[in-house]
Each structure stands twice: as structure tokens, then as C-alpha cells.
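I opened the notebook to look up a few local features and contacts. My entries follow the viewing.

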Amino acid sequence: MLQMKFKQDHYGYLFITPFIIAFLIFGFYPVVNTLYLSFTDTTLMSKQVNIVGFKNFTNLFNDDIFMNAVKNTWLLWILNFIPQIGVAMVLSVWFTSLRLNIKGAGIWRAIFFLPNLLMPASIAALFFSLFGYYGPVNQFLVRMEILPEAMQFLQNQNIARTLVIFIQWWMWFGATIILLMAGMTAIPESLYESAMMDGATESQMFWNITIPLLKPILVYLFVTSLVGGMQMFDIPYLLTDGRGSPSGSIMTNNILMYLKFSSSKGHIGAASSVGMLVFIMTCVFAFGIFYFLREKD
Amino acid sequence: MQSNYRLTTNILRGGIYVCLFALLIVTIVPIWLLLVNATRSTIEINQGIGILPSTHLLENYYILEGKGLYLWRGFFNSMTLAVSSTFLTVYFALLTSYGIVVYNFKGKQFFSNFIVILVLIPMQLSIIGFYQYMSKLGLTDNYASLILPTIANAGSVFFAKQYLESVVIRDLIDAGRVDGASELAIFHFIMLPIAMPGAVTMGIFAFIASWNNFFNPFILITSQEKYTLPMLVQTLRGDTYRTEFGSIYLGLAATIVPIIIIYVIFSKYIVSGIAMGSVKE
């Protein structure tokens, strides 16, 4: 019997082989290839390829456009993440509170989550239309006499940034509510009951029971949001002209990578170095967060 | 004291419902305007905001077609990609995770940890190397370059593993073996039917991810007749359609209506799936 089991365990390799092959071809090799390209001056046009060492990287660090894109990406991510987690936390507390007993929590939550499933490209194009010069927002504000005349919202740097942040928040706070509520309902009720016996206030219970026990989920949210945020593309790309306008205020890492790739010469060497730097930066921060916030036993 | 507590609770609750209602408006209004404007003519849209549907849906569609934007073709292309990606993702995620959950082979723990790391790594950032490599293989402007990579979808394997751990019935596998079924037959004919609810959840997410994906097809696909819906959305942002507001909204509506329908039907699966992908760990 034991021997039979041993023989079957080899089937594990059979089951995972397709994944490993597909990963090597479509996942691993492209990373290696991107790394290689980032050390070359490859373009889509030229046949001849030279190894240029770290030149692409030193160029990037001396390039204000790249540094601006990195700064923007962080700014847009952080300013959307804080209200996202804040609003979601407040709503999750309300929805799970036995004292408040909010009606239809599941329905509210389901509606708030809907924007998360919609196509980001369409959402960006939608907000472009809504906030256009002839768009409904201008129509509304002028008719209500809040604005004396229509306004070019998307030519104002701060408004463009605020809109990107708002759209990201709008698309993600519902998903965050679902995760936080799943974490909160998993906390044993008895912990709160014994804290209440000891005379703890609601805010004491929140900070000393809820938050520490939510830590694994908070770390998960933080890391996945960061990894996604560093690759932000669809919304800032389609909200204005695809070049991070106005004045590069919503230029992100991936938009810059795409612009280098799609430039008339197709500088894929330079584009690869953008990809690699963002890849390394994201991994360092993601695993750093994981390491510092891990459960210390 | 008791009634005071109840009073503050009631006031608090009232305030909360006001906040929830405000958030509801913020969530729904942009989507509602999009759907309604898809049925209104450009003239009506220019005259002011309307919250009721009008009758110009078909007219808007013909304007798009007249300008060479074939919504149905984009819809069909997106559907082809999404359906094939979904089947590959779900099938291979279940196959891979079944291998991890059921068998005790050497390197299993390493492989399992490796999947978790893969979930966190931004693989998308190697798209340029991927593009150059695909062009060498002659697979650019070919759906294969978008479909085949879904065989190795780490996020889905992670999800499938969590799911299988809770539904695999070892006695049933052993019973299959006693009856002389092969390991692959046991997977296909005994475990797959049991794992169906998880497969549906995973499939919905795979479908939506493929449907909404703009960046990859935007880089890999070049010929007009292969454009997917998000690429048509990008086209709609161009000068040709600048003043055809009704038609623009219709184009956008075509991308979100199928997802809203899926959500209305499967919202239970989707909401529970979001939580399941992460919480256990």
C-alpha cells in the first residue's frame, strides 16, 4: 500500500508540468529578455544591436521626465490608497456593527463594488466626456450658476490629478470593503465581549482588537494595491491625450514606457529599462512591506 | 441612561444612512449617465443632462458604423479572447493546484511558495521583452500571444489551491483508484465536477480580467479587424468622433453592459470570490 502511494505521488509532476512550461515560455523568458534588452540600444527598426551597459539606466536617472513619472505614480497611488482604505474601513465598521445594525449591508456593498468590475479604459473615456468642455459637469455647474462659464477641467494640472485619484478611489473602495469585512467577521465575537466586560470603549476595541487582527489583510491590501498602482496605465492614459497632459501631471511609469516603445524609432531598449527599474522598485517595496509587517511570533 | 444610548444610536444610524446614500449617488450617477446617454442623440446630450433613456440607440450605432467603427466585431473579438482565456485559465489552474493539493512530491512546498511570490510580482512590466520575443516567433498581431500565457496564471492557481483544499475528498480519489481509474481520469471525471462552483467563480474573474484588459492587446495587436473593445474605446477618444457624443457613450456602454449583466447574475459568486482569494493564509 505504501509503495503504491509513493508511485502515485510522482503524478504531481505531471499535473504541474503544463504550468511550468507555460511559465518558462511566457513568464520567465520575457523577464530575462526584458532585462537583456535594457542593457542594449535595440530599436524596432535597426538590425544592429549594441550592448551599452548601464547607459539606459543612467540616462533615465538624469531624465526629468522619468523622475517626474516615478514621482507622479507614487503620488497618484498614495493619494488614492489613503482615502480608499479610510472610507472602506469606516464603512466596514458600520456594516459589521451589531449596535448599528445597518439594513441591507450586502446590497450596499454589492453596489459600491460594481465600478471595480467595469472596464478601466471605458471609465477613463467616460470621465473624459463627463468633464469635457461641453460635458454634463460643465452643463450642470453653469446652469446651477456655480460656475460663470464652462471650464477646461482637463487642462488644469491639479484637477486632472484629482480626477485620476478620484477614479482610482471610486473603482477600488468597494473591493476593499469586501476584504475588510471578511476579515472583521472572522474575528471571534468573544474577544469583544470580554473587552466590554472590562469596560473598553468602542474606539479602544477598534484599535486594540480589530486593527491588530486585521493586519494580514491590511498587508495584503497594501501590497496588491502598490503593485497595481505602480503599473497604473489605462486611466491616466485615456483621461487626457495619452502623454500625461496637462504638462506631464498625470504621466506615470507605464505611460512613459509605452511612449518610448511607440516612439517613431521604437526604442525598446530604453522602454525595457523603464520596465526593469519599475519592476525592481515595486519588488523591493512589496517584499520590504511584507518583511517589516510580517507576523513576528 | 438606556434611552439616551438608544437615542444616540438612532441619530448615528440616521447620519450613516445619509452618508451611504451620498456614496450610492457617487457610485451610480456616472454609470447611469453613461447608459442613458448611449440612447440619446448628440443634440439631446448638448441640450442638457437627462436622466431618462431616449430613443436614439440604433441611430448612434449606425453613426459609429458609418465612420468605420464596427462595434459588433470588437464585441466578438473581445468575446473570443475572453472565453478562450477563461477556459485555459480555469482548466490549468485546477490541474496545477490539484497536483499540489493531492500529491506529496519533492519540491511541492517550494513550488507552492513560488506561486505566492509570482502573484505579487508585477510580471506585466516585462511586456516589452515579451513583445520582442513574440515578434521573433511571428506571434504579434495574433491572439495566441494573448491567450496562451493564461495557462500559467499564478493568481488563479493560488485561488484554486485554497478552494481545492476545502473540497477535495480523498476517499473518493482512493475509491477511483481501486476501481482502476487513472490519475488523470480521476481528476477529470471525479474532481472536476466537484470543483465546479470554484471553477465558476474563477472563470468569472478570468473572463472579466480578459474582457477589461487594454494594455496587452494595445501593445500586441495591430490590425484594425482584430481590435478588441477596449482598443475601440481608445479609437473613440480620437478626433473622428469628437462631436458624436451619443455614439461615444454607446461605444462605452457596449463594454460595460455585459459585465453589469454578469454581475447581476453572479454577484454572490463574485463577492465571495474576492474575499476567498486572499483571506485564508
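In which loop is B:D141 found? I located B:D141 in the loop between α6 and α7 (144–147) of chain B. Helices here are DSSP runs of H or I of at least four residues, numbered from the N terminus.

I noted the ground rules next. This is a predicted model, in which local features need pLDDT of at least 70 and side-chain atom pairs count only at pLDDT 80 or more, while totals for chains, interfaces and linings use all residues. Residues are numbered from 1 along each chain as its sequence is written, and chains are lettered from A and ligands numbered from 1 in the order in which they are written.

**Backbone entries.** I read a positive phi of about 60° at B:D141, which is not a glycine. B:D141 is partly exposed, because 13 other C-beta atoms lie within 10 Å. The scale is: buried at 20 or more other C-beta atoms within 10 Å, exposed at 12 or fewer, partly exposed in between, with C-beta atoms placed from the backbone. Phi is also positive at A:N101, near 50°. I found A:N101 in the loop between α4 (64–96) and α5 (105–113) of chain A. A:N101 has 9 C-beta neighbours inside 10 Å, so it counts as exposed. I then checked peptide bonds and found A:S245 to A:P246 cis, with omega near -5°. A:P246 sits in the loop between α11 and α12 (253–262) of chain A. Most residues other than glycine have a negative phi, and most peptide bonds are trans.

**Chain contact entry.** I looked up how chain B meets chain A: 68 residues of chain B are in contact with 72 residues of chain A. Contact means C-beta atoms, placed from the backbone, within 7 Å. On the chain B side, α14(B) gives the most, with twelve residues. That side has 47 nonpolar, 16 polar and five charged residues. Nonpolar covers Ala, Val, Leu, Ile, Met, Phe, Trp, Tyr, Cys and Pro; charged covers Asp, Glu, Lys and Arg; the others, Gly among them, are polar.

**Helix α13(B) entry.** I counted six of the eight residues of α13(B) as buried, so this helix is largely enclosed by the rest of the structure. Among the buried residues are B:L229, B:P230 and B:Q234. The buried residues pack against α6 and α11 (234–239) of chain A, together with α4, α11, α12 (215–220) and α14 of chain B.

Notes
Contact = placed C-beta atoms within 7 Å. Helix = DSSP H or I, 4+ residues; strand = E, 2+ residues; numbered from the N terminus.
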